[in-house]
Amino acid sequence: MSATTDPLRLDEDLQARLRRAARAVVLSGAGVSRESGLDTFRGAGGLWENQRPEDLATPEAFYRAPGQVWRWYAWRYARAAAAAPNPAHLALVRWESLFPSFLLVTQNVDDLHQRAGSRRLVALHGTVAAAVCDACGRRRAMAEAVAASPDEPPACGAAGCGGRFRPAVVWFGENLPAAALAQAAEAAASCDLLVSVGTSSLVYPAAGLIETALRRGARVIEVNPEPTPFSPRVHLRLAAPAGEALPALTEAIERCRSMPG
Ligand code: OAD
C-alpha cells in the first residue's frame, strides 16, 4: 500500500504539532534520490553490495589507488549530473515557506536538492560536482577536472603547490565540515519536527541528529520503505518511497497549517 493511496494516519496530537511547529528539520539520505535513478549504498543493489567503502571512500584508498577512486567518483558525478530531481526533492522546496525556520540536512552528494531549488540546506558529506586540491584547498568543477584528466586525479598546478585534486566529498575517517555540522546539530537540538527520509540511519554523526531531536522532545517522522534502527522510536513511519510519501506528507502539513486555530 502506498502513502498516496493510504491516507496518512496522522493522529490528533501529531496534527496539532504539525500545525504549530515553528522549527523543522529534514535529514535526507541516498533513498531520496532512488527514484531519480541513483543507487543507494546499502541494501539490495546498493553501491556497497559489490564493493567496499574501504576501497573507494577513505583517504587511505585514495592514496593507495588514486586512479580507481578518481574514476569511481567521475562515474558517480556523471550519473548524478544526468539525473533529475524527483517529486520528493521538489516537495521539500515547499517546506522552506511552510515553517518560519527550516533546514534541510542532506548526506547526499548528488546536488539534486540544490538543483530542485532548495536553498536552506547543508550538505554534510560535500558534493561530487566539485574537486578540491588535497594540499591547498583550491576548488574546481568536477566536470572540468574529469575532462582534463579522466583516469587519474589531476595535479593542482597552482604555483608552488604539489597537491592533486580529489572529489570534494567527506570520506569515512574524515571530519565533517565543522560549520555545516554545527548548524545541523543546532537545528536538530531546537526543532519541533524532524523528518528523516531515505537514510538507513547507520552513519554517524548524521544519524545522531535523529537521536538529538528525539531526546529534545521533537516529533520525528521517518520516510523509508525499510525499517531503520530508529523505527521503533519515531512518532510516525511512512513505509513508502520518498517520491510518493513526501508529496503526500507535504500536502497533509499544508492542510494542517491552513486550518484555523
Ligand atoms: P543508505 O544506502 O545507507 O540508505 C538508503 C536508505 O534509503 C535505505 O534505508 C533504504 O531502505 C532507503 N530507500 C531506498 N529506496 C527508497 C525510496 N525510494 N524512498 C525512500 N527511501 C528509500 O544511504 P545513506 O543513509 O544516505 O557516505 O548513507 C549514509 C552515508 O553512507 C552516505 O552519505 C555515504 C554512505 O556510505 C559516504 O560515502 C561517506
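A residue is called buried when its relative accessible area is under 20%. The legends below apply this term to a predicted model.

**Figure 1. Strand E8 is mostly covered in the predicted model**. Five of the five residues of E8 are buried. In a regular strand the side chains alternate between the two faces of the sheet. On one side of E8 lie Arg219, Ile221 and Val223, and on the other Val220 and Glu222; both faces are covered. E8 runs parallel to E7, to which five bridges join it. Within this pairing, Leu194 is located opposite Val220 of E8.

**Figure 2. An open sheet is formed by six strands with parallel pairing**. The strand order is E3-E2-E1-E7-E8-E9. On average, and with direction ignored, neighbouring strands are turned by 15° against each other. Within the sheet, E1 and E2 run parallel and are joined by six bridges. Ala24 has Phe102 in E2 as its bridge partner.

**Figure 3. Helix H9 lies across strands E1, E2, E7 and E8**. The helix, residues 208–215, runs at about 150° to E7. Six of its eight residues are buried, so H9 is largely enclosed by the rest of the structure. The buried positions are Gly208, Leu209, Ile210, Glu211, Ala213 and Leu214. These buried residues pack against E1 (23–28), E2 (101–106), E7 (193–197) and E8 (219–223), and also against helix H8 (178–190). After H9 comes Gly217, which has a positive phi near 90°.

**Figure 4. The largest nonpolar core comprises 33 residues**. Trp95, Phe99, Leu193, Ile221, Leu246 and Leu249 have the most contacts inside this core. Two or more residues each come from helices H1 (12–20), H5 (87–98) and H10 (242–258), and from strands E1, E2, E7, E8 and E9 (236–238). The greatest contribution, eight residues, is made by H10. Leaving aside residues up to four places away in sequence, Leu246 touches Val32, Ala88, Ala91, Leu92, Trp95, Val197 and Val223.

**Figure 5. Helices H1 and H10 pack at an angle of about 75°**. Two packed helices are described by the angle between their axes and the distance between the axes. For H1 and H10, the axes are 8 Å apart. The angle makes H1 roughly perpendicular to H10, as angles of 65 to 115 degrees are classed in this way. From H1, the residues Gln15, Leu18, Arg19 and Arg20 meet Ile253, Cys256 and Arg257 of H10. The contact of the two helices is made up of three nonpolar, one polar and three charged residues.

**Figure 6. Strand E6 pairs with strand E4 in antiparallel fashion**. Strands of a sheet pair through backbone hydrogen bonds, either parallel or antiparallel. Four bridges join E4, residues 126–133, to E6. Across this pairing, Gly126 faces Val169 in E6. All five residues of E6 (residues 165–169) are buried, so the strand is largely enclosed by the rest of the structure.

Methods: Residues numbered from 1 in each chain as written. Predicted model: local features only at pLDDT ≥ 70, side-chain atom pairs only at ≥ 80, totals over all residues. Heavy atoms only, no water. Buried < 20%, exposed > 50% of the residue type's maximum accessible area, 1.4 Å probe, protein only. Pairing = 2+ DSSP bridges. Contact = heavy atoms within 4.5 Å. Core = buried A, V, L, I, M, F, W, Y, C linked by side-chain atoms within 4.5 Å. Axes fitted to C-alpha atoms, helices over the stretch in contact; angles between N-to-C directions. Parallel < 35°, antiparallel > 145°, perpendicular 65-115°, else oblique. Nonpolar A, V, L, I, M, F, W, Y, C, P; charged D, E, K, R; others polar.
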